[in-house]
Amino acid sequence: MAKAKTQFVCQNCGTVHSRWAGKCDGCGEWNTIVEEDPMGGIGSGPGKAPKKGRTVALTALSGEIEEAPRIPTGMGELDRATGGGFVRGSAVLIGGDPGIGKSTLLMQAAAALSRRGHRVIYVSGEEAVAQVRLRAQRLGAADTDVLLAAETNVEDILATISEGKRPDLVIIDSIQTLWSDTADSAPGTVTQVRTGVQAMIRYAKQTGATMVLVGHVTKEGQIAGPRVVEHMVDAVLYFEGDRGHHYRILRTVKNRFGPTDEIGVFEMSDKGLREVANPSELFLGERNEKAPGAAVFAGMEGTRPVLVEVQALVAATSLGTPRRAVVGWDSSRLAMILAVLEAHCGVRLGQHDVYLNVAGGYRIREPAADMAIASALVSSLAGLALPADCVYFGEVSLSGAVRPVAHTAQRLKEAEKLGFSAAVLPAASPDLPKGSKGKWREVDSLPDLVARIAGSRLKAPADQEDG
Ligand code: TYD
Ligand code: MG
């Protein structure tokens, strides 16, 4: 009989190796390969005696579909991110940096659901019962009927939640602490995490309870050990934010039962997370409208417009190689905008340090921010403040042309709602709202934009006289 072999699994990406190595071929990480027992994991290893399977009923693709019944929490921002509430019988993974507020969010959600008459079980593997109670008191959730357990053993957890009336929602905080008797590996390894998550998902599918799993993200940005469980669950939400700032974003990256481009916005306060229904107000909060180098970007997050200020500082350098520092945006995208400014607009930045910051610790992911960033850079270099009532958006190509972006009407509507009466946007933008009071300045190229800012001609010819 073949000797039972152990395998070597990368803890970062899950790649299986036949022997130990310092570096993983799969993801290139060092010292992430750990010896594990394949028999302990899901499915059986080579050493296991073959077992005759049970026959399952095969069925047709057509047929009745049961409406996926959801349980909304009543927390608008959370329900928006999940696509209208937690789906019964589904497994949701909530990832995020340690300390970002995952436990806080889930405790608030648990309390909200419990107040609506649902049976909620909160299993904490990280904190003792007393600690969780303390947090619940602080969040004003102590008077609810949320049931609490501090446990990390998978079999014990399953036995506990299977007893009595079926829960509507079970929260496991966190998957990294789960360990099962059936897996030989150490807690926190890929095999253990997978086995634990697999068991929890099976419970959810069998009983119709919703399973919410918390996973900590490693410094590489993947859910630790864990990237390996993303494909097993029905929805993956990331809770992100900058620890130095108060706002938090719940971002949907996978959702089998809803859209994946939605976000929920929260603000961390001393009484827990507060929902932010209008994120733009948060990011525009402390604006100094007279300072050069600031431009307001009319962005989109999924189906939702978000206005955010971008700040640039361009200053003569004392270094041989000028510095380029970016917070909240892609640094290679900044390099591209700087190159286009140099090549096509005659803006010389070789002797200047460039610093770029997105207000509020927010992170912009859209290329549509190009125009706002270019405007902020030119404004800082020229020492000219941009008009305070104007927003910017549009994508810049390497040729210096400015390209239209999607959702023009929605961006402009949000800008108008927040008191901005002007916008600089790409020429030939589709769905430009007709009959609107706003002044829309269409630019067709980056040189055009630069000339307008440098000549302070950002006002359209028709309203030159009023400024
Ligand atoms: P927590 O939910 O424990 O984070 P995670 O579960 O993601 O590791 O949140 C921890 C942080 O949140 C901690 O730094 C304190 C802060 N916090 C508040 O500011 N206000 C509150 O009411 C609570 C409960 C936490
Ligand atoms: Mg926690």
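**View 1. Strands S17 and S18 run side by side in the parallel sense.** Strand S17 (residues 324–327) pairs with S18 over 4 bridges; two strands count as paired if DSSP finds at least two bridges between them. Within this pairing, Val327 stands opposite Asn357 of S18. To get from S17 to S18, the chain passes through helix H7 (residues 331–345), and this β-α-β crossover is left-handed. A crossover is called right-handed if, with the strands pointing away from the viewer, the path from the first strand over the helix to the second runs clockwise. Helices (H or I, at least four residues) and strands (E, at least two) are DSSP runs, numbered from the N terminus.

This is a predicted model, where local features need pLDDT of at least 70, side-chain atom pairs count only at pLDDT 80 or more, and totals for chains, interfaces and linings use all residues. Residues are numbered from 1 along each chain as its sequence is written, chains are lettered from A and ligands numbered from 1 in the order in which they are written, and side-chain values use heavy atoms, with hydrogens and water left out.

**View 2. Strand S16 meets S18 in the antiparallel sense.** S16 (residues 304–316) and S18 share 7 bridges. Look for Gln311, whose bridge partner in S18 is Asn357.

**View 3. Strand S18 (residues 352–358) is mostly covered.** Of its 7 residues, 5 are buried, meaning under 20% relative accessible area (1.4 Å probe, protein chains only). For comparison, buried residues make up 49% of the 467 residues in the chain.

Key. Buried means under 20% relative accessible area, exposed over 50%, partly exposed in between (1.4 Å probe, protein chains only).
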